[in-house]
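I opened this notebook to record what I looked up in a single chain. The entries follow the order in which I consulted the model.

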Amino acid sequence: ENAIKNAMVTVEEKEEEQLFRRAIELYRGPFLQETNMSWMQERRAELRQLYSQALIGMGRLRRAEGDNEEALGFFIRSLKETPKREDIHRQVMNIYYEQDMISDAEQQYNLLSKTLDKTLGIGPSEETRKLYELILSNK
């Protein structure tokens, strides 16, 4: 928890990466997953959110350095923890699009659409739909 908080405020990229990596290494899975007391469920959700944030942070750092393959891995792992993060689905779609993996980008959009519809009863945002249209126009 502290590693992620410190990573979010540091201005040193190398330190930020080290802190995110530390947080990712420390996360071993859902907190006390065998027990379902309300306070444990809340804490479990908080820790899952923080873990996802560390993965997203690493993905953004890798993407900024041009390592799209490693960035993609971090983003996909984060979506397993927080599947409703539309911004991260867009990151994945963009990477697929940039790597000419159009069918994978389409599949990602469809996954997002199903997830949002099933969990929230909504569709993708206009920003995501425009990206999808751009992807389809270059098919």
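**Entry: the end of α6.** I looked at the residue just after α6 and found that G121 takes a positive phi of about 70 degrees. Helices here are DSSP runs of H or I with at least four residues, strands are runs of E with at least two, and both are numbered from the N terminus. I note that this is a predicted model, in which local features need pLDDT of at least 70, side-chain atom pairs count only at pLDDT 80 or more, and totals for chains, interfaces and linings use all residues. Residues are numbered from 1 along each chain as its sequence is written, and side-chain values use heavy atoms, with hydrogens and water left out.

**Entry: α6 itself.** I then listed its buried residues (under 20% relative accessible area; exposed is over 50%, and partly exposed lies in between, with a 1.4 Å probe and protein chains only). They are I102, A105, E106, Q108, Y109, L112, S113, T115 and L116.

**Entry: the overall fold.** I counted 7 helices and 0 strands in the chain, so the pattern along the sequence reads α-α-α-α-α-α-α under the DSSP definition. Of the 139 residues, 39% are buried. Among contacts with a separation of 6 or more, 52% join residues 24 or more positions apart. The chain exposes about 8500 Å², of which carbon and sulfur atoms supply 47%; the areas come from the Shrake-Rupley method with a 1.4 Å probe, and for residues only the protein chains shown count as cover.

**Entry: confidence.** I consulted pLDDT, the predictor's confidence in each residue from 0 to 100. The chain mean is 86, and 86% of the residues reach 70 or more.

**Entry: the nonpolar cores.** I defined a nonpolar core as a set of buried Ala, Val, Leu, Ile, Met, Phe, Trp, Tyr and Cys residues joined through side-chain atoms within 4.5 Å. The largest has 16 residues, and F75, V92, M93 and I135 have the most contacts inside it. Helices α4, α5, α6 and α7 each supply at least two of its residues, and the largest share, 5 residues, comes from α5. A second, separate core of 13 residues includes A23, I24, Y51 and M58.

**Entry: F75 and V92.** I located F75 in helix α4 (residues 68–81), and at a relative accessible area of 0% F75 is buried. Not counting residues up to four places away in sequence, F75 touches I56, G59, R60, R63, I88, Q91, V92 and I95. The C-alpha atoms of F75 and G59 are separated by 5.7 Å, although the two residues are 16 apart along the chain. With the same exclusion, V92 touches L72, F75, I76, L79 and Q108.

**Entry: S52.** Is S52 buried or exposed? At 0% relative accessibility, S52 counts as buried. S52 lies in helix α3 (residues 38–64), and beyond its neighbours within four places in sequence it is in contact with S78, E81 and T82.

**Entry: salt bridges.** I applied the rule of a side-chain nitrogen of Lys or Arg within 4 Å of a carboxyl oxygen of Asp or Glu. The count comes to 8.

- D87 and R85 meet at 2.7 Å, N to O; D87 is partly exposed at 23%, and R85 is partly exposed at 22%.
- E86 pairs with R90, the closest N and O atoms being 3.9 Å apart. Both lie in helix α5, 4 residues apart, about one turn of the helix. E86 is buried at 14%, and R90 is buried at 15%.
- K130 and E126 meet at 3.1 Å, N to O. Both lie in helix α7 (residues 126–137), 4 residues apart, and E126 counts as partly exposed at 48%.
- Shared partners join E17, R62 and E65 into one network.

Key:
Contact = heavy atoms within 4.5 Å.
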